[in-house]
Amino acid sequence: MCFQLAKANMDLGNISAAVTTLAAGAEYAGRINAQNTRLLFSLSQAMALLIQRNFDVADVILKEVGAILENAEQSGLALTSTEILSLKVFHHVLQVAEFYLAGSYQVGSAEPQTTPLLLQAAHSAGRAERRQYKQHGGDVSVDEHTAAVPVSVRG
């Protein structure tokens, strides 16, 4: 319901109300220990803040969520590897968006700085896919040039 209300506010151009609704959703999801939902609300809130060009607050949320996701597997959060991967991809996309929207780049210099983010996302995706294939008895070969993207599955 909160996501629908936030979307309606965004559609009406009331980004501040959407941010407030998403923050309330994140807080409630945290109270009932729905970690995946809490992180989705937080990332959605950061996205709305980026649209609003409120980079300082968005950056705080992205750093908080990034730290949680970085330690998600070790901390015992009730998230599957697929949920963690999906949240990490969403997080990386927002980091790149923040980088571009904040104007933290100069023409010609953006690619070298965003490449590590994209490689990290590809590497995370590749690890999750290899784990999934191995769990189902498959054999994964990896293209050494892409470092983590499975190119064939045998099994």
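How many helices and strands does the secondary structure of the protein chain come to? I looked it up and got 7 helices and 2 strands, taking helices (H or I, at least four residues) and strands (E, at least two) as DSSP runs numbered from the N terminus.

The model is predicted: local features need pLDDT of at least 70, side-chain atom pairs count only at pLDDT 80 or more, and totals for chains, interfaces and linings use all residues. Residues are numbered from 1 along each chain as its sequence is written, and side-chain values use heavy atoms, with hydrogens and water left out.

**Whole chain.** I read the pattern along the sequence as α-α-α-α-α-α-α-β-β. Of the 155 residues, 34% count as buried (under 20% relative accessible area, 1.4 Å probe, protein chains only).

**Gln35.** I found Gln35 in helix α3, residues 35-51. Gln35 is buried because its relative accessible area is 11%. Its side chain joins that of Asn33 in a polar contact of 2.7 Å (a pair of N or O atoms within 3.5 Å, one able to donate a hydrogen and the other to accept it; residues adjacent in sequence count only if both atoms are side-chain atoms). Leaving aside neighbours within four places in sequence, I noted contacts of Gln35 with Leu77 and Leu79 (heavy atoms within 4.5 Å). Ala78 is 43 residues from Gln35 in sequence, yet 7.1 Å away in space, C-alpha to C-alpha.

**Helix α6.** Among the buried residues of α6 I listed Ile84, Leu87, His91 and Phe99. Gly103, with a positive phi near 75°, follows α6.

Conventions:
Buried < 20%, exposed > 50% of the residue type's maximum accessible area, 1.4 Å probe, protein only.
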